[in-house]
Amino acid sequence: MLERRQTPRDKVIYGGTAEIAESGVSRDCVVRNISENGAHLEFGNPVRLPKDSLRLTIARKGRSFMARVIWLRDNFVGVAFNTEHSYELPGSDLAERLRKSEKKKRQLQRRIKELIGEG
C-alpha cells in the first residue's frame with residue numbers, strides 16, 4: 001500500500017475532544033495515532049463531522065489543533081492539522097484537569113479493590 005503521509009505517525013492512546021467550530025458541540029474521542037500533520041481518531045459511535053474545520057484538544061499533550069477531516073469511516077476519522085492554528089493549552093487548565101483525572105483514577109482503583117474483595 002502506498003504511504004501518503006508526509007510524516008510518520010506514533011501509535012498512542014490519548015483522550016481527546018473534537019469541537020465543531022460552527023455549533024460549539026464537542027465530542028470525546030480517542031486519539032489512536034498522531035504525527036506533526038494529523039491524527040487518527042476513534043469515537044464511541046459513528047459521527048458526522050464537518051469536512052472543513054474542527055478543533056481537536058488533547059489535554060495530555062497540552063495542545064489544541066485546528067483540523068480538517070480527510071477521511072471518515074463509521075466511528076473512525078482521519079484529520080489533518082492546520083499547523084498555523086495550533087496552540088498550547090493554558091497551564092492552569094491542564095493542571096486542574098490532570099488533578100481531576102488523578103482523583104478519578106484513585107476513586108476507580110478503590111472501587112475495583114472493593115469489588116474484588118481486597119478492600
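Predicted model: local features only at pLDDT ≥ 70, side-chain atom pairs only at ≥ 80, totals over all residues.
**Close-up views of strand pairing, salt bridges and a pocket**

Figure 1. Arg32 forms a salt bridge with Glu42, and the closest N and O atoms of the two residues are 2.7 Å apart. This pair links distant parts of the chain, with Arg32 in strand S2 (residues 26-34) and Glu42 in strand S3 (residues 38-42), 10 residues apart. Strands S2 and S3 run antiparallel and are joined by four bridges. A hairpin connects S2 to S3 through three residues.

Figure 2. Asn33 lies in strand S2. Its relative accessible area is 13%, so Asn33 counts as buried, the cut-off for that class being under 20%. When neighbours within four places in sequence are left aside, the contacts of Asn33 include Arg9, Asp10, Lys11 and Val12. Gly38, Ala39 and His40 are also in contact with Asn33. Strand S2 pairs with S1 in the antiparallel sense, over eight bridges. Within this pairing, Gly15 stands opposite Val30 in S2.

**Figure 3. Thr7 in the segment before strand S1.** Thr7 is found in the segment that precedes S1. Residues up to four places away in sequence not being counted, Thr7 touches Ser35, Glu36 and Asn37. For Thr7 and Glu36, the separation in sequence is 29 residues, whereas the C-alpha to C-alpha distance is 6.9 Å.

**Figure 4. Strand S4 and its two antiparallel partners.** Strand S4 (residues 54-58) is mostly covered, as four of its five residues are buried. Strand S1 (residues 10-20) pairs with S4 in the antiparallel sense over four bridges, and in this pairing Ile20 stands opposite Leu54 in S4. S4 also pairs with strand S5 (residues 63-73), again in the antiparallel sense, over five bridges. Leu56 stands opposite Phe65 in S5. S4 and S5 form a hairpin with four residues between them. In the turn of this hairpin, Gly62 has a positive phi of about 65°.

**Figure 5. The salt bridge between Arg55 and Glu19.** Side chains of opposite charge can pair when their charged atoms come close. Arg55 forms a salt bridge with Glu19, with 2.8 Å between the closest N and O atoms. The two residues belong to distant parts of the chain, Arg55 to strand S4 and Glu19 to strand S1, and are 36 residues apart. With a relative accessibility of 26%, Arg55 counts as partly exposed. Glu19 is likewise partly exposed, its relative accessible area being 26%.

**Figure 6. The salt bridge between Arg111 and Glu114 in helix H1.** Arg111 forms a salt bridge with Glu114, and their closest N and O atoms are 3.1 Å apart. Because Arg111 and Glu114 are three residues apart in helix H1, about one helical turn separates them. Arg111 has a relative accessibility of 45% and so counts as partly exposed. The count for the structure comes to three salt bridges.

**Figure 7. The second largest pocket and its lining.** The second largest pocket holds about 310 Å³ of space. It is lined by 11 residues, of which Gly15, Ala59, Arg60, Arg97 and Ser101 are the closest to its centre. Strand S1 and helix H1 (91-115) each supply at least two residues of this lining. By class, the lining of the second largest pocket comprises four nonpolar, five polar and two charged residues. Gly15, one of the residues closest to the centre of the second largest pocket, stands opposite Val30 in S2.

Key
Residues numbered from 1 in each chain as written. Heavy atoms only, no water. Buried < 20%, exposed > 50% of the residue type's maximum accessible area, 1.4 Å probe, protein only. Pairing = 2+ DSSP bridges. 1 Å grid on protein atoms, 1.4 Å probe; cavity = no way out; pocket = protein on both sides within 12 Å on 5 of 7 lines; lining within 4 Å. Points joined across faces, edges and corners; volume = space filled by probe spheres on them. Nonpolar A, V, L, I, M, F, W, Y, C, P; charged D, E, K, R; others polar. Contact = heavy atoms within 4.5 Å. Salt bridge = Lys/Arg side-chain N within 4 Å of Asp/Glu carboxyl O.
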